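Colleague: I am new to this structure and would like to go through it with you step by step. Could you show it to me before I begin with my questions?

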Amino acid sequence: DALLIQASNHDYEVVFEAGVRHRLSEHIKKAYTSIHIISDEQVAGLYLSSIVKSLEADHQVHTSIVPAGEASKSMEQYQYLLDRCVESKMDRNSLIIALGGGMIGDLAGFVASTYLRGVEFWQMPTTILAHDSSVGGKVAINHPAGKNLIGSFYNPAKVVYDIETLATLPDHELRSGYGEVVKHAMLSDKEWLFDLLNSRIDTLTKDHISNDLRKGIRVKADIVEQDEREHGIRKHLNLGHTLAHALEAELGYGTVTHGEAVAVGILFAMQLSKDILHSDLPVDDYVNWLGKNHYPMKVLKEVSPEVLVKRMKWDKKAVDGKIHYILLEQIGTPILHQISDKELHRHLNRFYSEVV
Ligand code: NAD
Ligand code: ZN
């Protein structure tokens, strides 16, 4: 059954239902004047027609499709989608449905947050990673100068997860999604973490995945409910992300997936936690898990520690020359730690000599 998330302006449900795309109509309890489904080419090719079919008997439906990939989180596609909203005469009682992964959720959510000063939107996540992006209310597009520079906080009215759609995800997208799942486990629950580390992602059953997604969403929701605007504990969700963002930026977005970079970043955060806080963490089990699931540790070879530290200093999490790092006192107990770039460089050098 559904999870309930309490946001500042309204509560919303996260529904998990295999095959729900074929009967989406049953979940629509309001008389929307029209429904505008936004998707990318890849996802639309697989799932759009069944959703349109399930809605068009009772609703006026419009669809818009943008190219797949991070490049579509752009001013250009944003403008295109606003034009489509105007053309299809959407009014304040219309609904936007974001059908796709985090890219579509962020883009369509930003359209929904600004068109007519905000229309309702639903997230229909089709990736594992989107268990993370579909809750929490951050929506954005990218600017050439950086990711997610233009955006807002805007919560969906509902999140509808059809876990059947996850069956068509390629391996690197499974790995990417599980990078964020493992992060949520590290932030919350030792037993769950060990259960994850004992399994291979490509052999998980649908039920197992669905259970992991629920747990991950609950962890994120518990944090975001207390700190929606990221003044405090929401920063804990950045575990593994300082290094990940630097890696992604230096390698070029798309070279590694976001969650794969996060998984690599978590290993360094664990090592730092051991060195600085003397935390007792299952580093060997984690390294093992990364290996058996083919996480691309070797990408580290392509970027030097110097370059990474420089990039981390530029990251928005650096204040007064100190880099804010999320460390783990133990599994389930993250803390925010300030570290100088010099110190970070020293630890990263050591990490490279041991791991890379
Ligand atoms: P994505 O949406 O680009 O999807 C990855 C690829 O998988 C795409 O090519 C897509 O077409 C394809 N795909 C999606 N669903 C599929 C399916 N069921 N079967 C086959 N292929 C499918 O990427 P993502 O990893 O889901 O999300 C990454 C984005 O999410 C980034 O833009 C990131 O900034 C954003 N994000 C946002 C938040 C947030 O809180 N708003 C959090 C994390 C990430
Ligand atoms: Zn992330």
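Colleague: Which element supplies the largest share of the shell around ligand 1?

Modeller: This is a predicted model, in which local features need pLDDT of at least 70 and side-chain atom pairs count only at pLDDT 80 or more, while totals for chains, interfaces and linings use all residues. Residues are numbered from 1 along each chain as its sequence is written, and chains are lettered from A and ligands numbered from 1 in the order in which they are written. Helices (H or I, at least four residues) and strands (E, at least two) are DSSP runs numbered from the N terminus, and α1 (41-55), α3 (102-114), α4 (130-133), β8 (146-153) and α5 (171-186) each give at least two residues to the shell. The largest share, four residues, comes from α3.

Colleague: Which residues come nearest to ligand 1?

Modeller: A residue is near a molecule if its C-beta atom, placed from the backbone, lies within 6 Å of it. There are 31 residues around ligand 1, and those that come nearest are Q42, G101, G102, M103 and S133.

Colleague: How many residues of that shell are nonpolar, polar and charged?

Modeller: Ala, Val, Leu, Ile, Met, Phe, Trp, Tyr, Cys and Pro count as nonpolar, Asp, Glu, Lys and Arg as charged, and the others, Gly among them, as polar. Divided in this way, the shell around ligand 1 has nine nonpolar, 14 polar and eight charged residues.

Colleague: Which positions does UniProt list as "binding site", and how far apart are the farthest two C-alpha atoms?

Modeller: The unreviewed UniProt entry lists T126, T127, K138, K147, T165, L166, A167 and T168; such annotations may be inferred rather than shown by experiment. They span 43 residues in sequence and do not all gather at one spot, because the farthest two C-alpha atoms are apart by 28.4 Å.

Colleague: Is T127 buried or exposed, and which residues does T127 touch?

Modeller: T127 lies in the loop between β6 (120-125) and α4. A residue is buried if 20 or more other C-beta atoms lie within 10 Å of its own, exposed if 12 or fewer, and partly exposed in between, with C-beta atoms placed from the backbone; T127 has 25 and is therefore buried. Leaving aside residues up to four places away in sequence, T127 touches G101, G102, L169, E173 and G177.

Colleague: And L166, is it buried or exposed?

Modeller: L166 is found in the loop between β9 (158-161) and α5, and L166 touches I128 and I209, not counting residues up to four places away in sequence. Because L166 has 21 C-beta neighbours inside 10 Å, this residue counts as buried.

Technical notes. Two residues are in contact if their C-beta atoms, placed from the backbone, lie within 7 Å.
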